[in-house]
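The structure is shown first.

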Amino acid sequence: MQLKRSYVFFVVATATTLLFSCSKTDLVETPTMSFSMKEKKITTQINEPISISTQIVTGTAIFEEWYIGKELVHQGSNFKYSFTSAGNYQINYIAKNKYGIYKDSFLVQVDAPIRPGGESEYVTTLFAFVPAPGQFINKAPGNLISAQGLLGKKGMVSLGAWGGYVVYGFDHSVPNKDGNDIEVMGNALPEWSEPGIIYVMPDDNGNGKPDDTWYELAGSEFGKTDGTYVRDYEVTYFRPEAANKDVPWEDNKGNSGVVKKNSFHTQAYYPEWIVENKYTLKGSWLKTKIDPSRPTYIVSLPYDWGYSDNKTEASGGGKVDISNAVDASGNKVELKAIDFIKIQTGVFGDGGWLGESSTEVAGVKDLHFSTNQ
Ligand SMILES: [Ca+2]
Ligand SMILES: [Ca+2]
Ligand SMILES: [Ca+2]
């Protein structure tokens, strides 16, 4: 009996001593840090360095690491870093020694550089013209000269069948103000629309080139799962054996077909300046609204809003709002301004004797231009 009581006392006493000595050591030796930067949310521009230094509150022999996301970018107390591309980042900080670890983080919003002013309300630079095959391709309005014809003014360029696109730049950043910001003009008639999907891009790395991230501007059909709208669609077009033949295609859903030749347009439909014998176009797809039930009067009715060459200009077609931008996952993004625009034929329609549906672009302008000056 006596022996047992001593043993219990010994165990309790030892545990208490251990517990006490542990917490005492922790308080003194575990790292605790303070930062020169008090804000946990930082807003900056590209190439504008941010500096954060640390001071030890408790602990010795501390080893410090700084991460952008999961990538180790600095070791030590004085962190200095410039972001080269706009976006949202997280700086993760770790201080550790043999007694423990201290963690903290900062959120950084890096804004794309904004170019104010400008000389033209219209786009001024052509970066790419990659039409799909079509009845107007390789001649006006479906050649390179047609695409260049929209620089600084109105013009007319045809983008061919589904996926054909053109990329332009403005000589200034187009701001995202209240309501619509950009007008993409087309040649739609009240009963003949050929909707194109519009994408925008801020110059995140400030190099003047559209090598950043495209954001689709969601239109009225965006996100519908009833078969009117499909994301991540791809079509490969194949150069036909002879220039006067239909152009074969295959999509990434197991379908195939041809862009049909018609008797009104006898030239080659596969873009002659594309040297490869096949090429693949990628983007979002809209169901065609061509109604071929009356061959003498085929109609292609418009979608509600948010597309080019869809409804007439008089009815407000082609005016779009940068606030409708969505990222590759379909999530809404907030853009303050954009520098580049891409217009892509969204429908894969066969209008019978009228030929394939192809989005036409007749002008691309900044709706805020006069008020920006
Ligand atoms: Ca807007
Ligand atoms: Ca760029
Ligand atoms: Ca058209």
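Which residue in β24 is the bridge partner of V174? In β24, V174 has I338 as its bridge partner.

This is a predicted model, in which local features need pLDDT of at least 70 and side-chain atom pairs count only at pLDDT 80 or more, while totals for chains, interfaces and linings use all residues. Residues are numbered from 1 along each chain as its sequence is written, and chains are lettered from A and ligands numbered from 1 in the order in which they are written.

**Whole chain**

The protein chain holds 3 helices and 26 strands; helices (H or I, at least four residues) and strands (E, at least two) are DSSP runs, numbered from the N terminus. Its radius of gyration is 30 Å, well over the 21 Å from the globule rule for 373 residues, so the chain is more spread out than a compact globule. That radius is taken over C-alpha atoms, and the rule is 2.2 Å times the number of residues to the power 0.38. Along the principal axes, the C-alpha atoms fill a box of roughly 110 × 60 × 40 Å.

Of the 373 residues, 36% are buried. A residue counts as buried if 20 or more other C-beta atoms lie within 10 Å of its own, exposed if 12 or fewer, and partly exposed in between, with C-beta atoms placed from the backbone.

Strand β14 (residues 196-201) has 6 of its 6 residues buried, so the rest of the structure largely encloses it. G196, I198 and V200 point one way from β14, and I197, Y199 and M201 point the other way. In a regular strand the side chains alternate between the two faces of the sheet.

Two strands pair if DSSP finds at least two bridges between them.

| Strands | Bridges | Sense |
|---|---|---|
| β14 and β24 (residues 337-345) | 6 bridges | antiparallel |
| β14 and β15 (residues 215-217) | 2 bridges | antiparallel |
| β12 (residues 165-175) and β24 | 7 bridges | antiparallel |

Towards β15, V200 stands opposite Y215. Strand β24 is itself mostly covered, with 9 of its 9 residues buried.
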